[in-house]
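Hi,

Here is the structure I promised to pass on. Have a look at it first, and then read my notes below.

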Amino acid sequence: YQEARLAFVEDLGIEPGPDLRELERRILEQDEGLLAAESSSRATHESRRTVTVVLADLLDQVDGVEDPEAGRSELEQVRETVARHGGTADELPDGAVLAVFGSPVAHEDDCVRALRAAAELRSVGVVSRAAIETGEVIAAPNAIVRGTVVRTAALLKELAKPGEIALGESTGQLVGNAARL
């Protein structure tokens, strides 16, 4: 504020208006209303970003297990594993799991992180088949993503056989030598 005020005075010969002075006062008083307004504007902001998504079927879905507690336990294990690798995961209405790497926080190696998480979940017997794809999405702050990359991952997952992790072309190129494909 002080730098802006100085620029107004020196360059334009005017003092800041009442709105800027009021904003300065509210900042100095640490007005809680400013924080609420900032977080509510951030909560509704969507952004375009590159992410890697993992779409997976839980093992209990394929084996026909009807116990909802077993499914909840597997979902928690997926969430914990994905979080440990830097992503977020949630269950979709059809029972599949969607994990997102790169939103809200992006890492240089999100595709490798996603592959490691999927491989770990497959090795411990939680995920039966999975697909991983990387691309641009519209991401909301609550980690919900929309876009072609999610649809492509869904198609790849349907083509994957039990025990397989199918990679989209973009992900395969980005993973490079970090994995044996």
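**What I found**

The side chain of R113 meets that of D109 in a salt bridge, at 2.7 Å from N to O. By salt bridge I mean a side-chain nitrogen of Lys or Arg within 4 Å of a carboxyl oxygen of Asp or Glu. D109 is partly exposed as well, with a relative accessible area of 30%.

Before going further, some housekeeping. This is a predicted model, where local features need pLDDT of at least 70 and side-chain atom pairs count only at pLDDT 80 or more, while totals for chains, interfaces and linings use all residues. Residues are numbered from 1 along each chain as its sequence is written, and side-chain values use heavy atoms, with hydrogens and water left out.

Now the overall layout. The chain has 8 helices and 6 strands, and along the sequence they follow the pattern α-α-α-β-α-α-β-β-α-β-β-α-β-α. Helices (H or I, at least four residues) and strands (E, at least two) are DSSP runs, numbered from the N terminus. Of the chain's 181 residues, 35% count as buried.

What sits inside? The largest nonpolar core has 23 residues, and V54, V78, V82, F101 and I132 touch the most other members. At least two residues each come from β1 (47-58), α5 (68-84), β3 (97-101), α6 (110-123) and β4 (127-139), with α6 giving the largest share, 7 residues. A second, separate core holds 12 residues, including L55, A96, V145 and V149. A nonpolar core here is a set of buried Ala, Val, Leu, Ile, Met, Phe, Trp, Tyr and Cys residues joined through side-chain atoms within 4.5 Å.

Leaving aside neighbours within four places in sequence, V82 is in contact (heavy atoms within 4.5 Å) with G87, T88, A89, A99, F101, A117 and L121. R116 belongs to helix α6 and is partly exposed at 48% relative accessibility.

Back to the charged pairs. Across the whole structure, a search finds 10 salt bridges. One of them joins the side chains of R79 and D90, at 2.5 Å from N to O. R79 lies in helix α5 and D90 in strand β2 (residues 88-91), so this pair ties together parts that are 11 residues apart in sequence. R79 is partly exposed at 28% relative accessibility, and D90 is partly exposed at 42%.

There is also a network of salt bridges linking D57, R129, K157 and E158. Within it, the side chains of K157 and E158 meet at 3.0 Å, N to O. Is K157 buried or exposed? It is buried, with a relative accessible area of 4%.

Last, the surface. L23, in helix α2 (residues 18-28), is partly exposed, with a relative accessible area of 36%.

Cheers

Methods. Buried means under 20% relative accessible area, exposed over 50%, partly exposed in between (1.4 Å probe, protein chains only).
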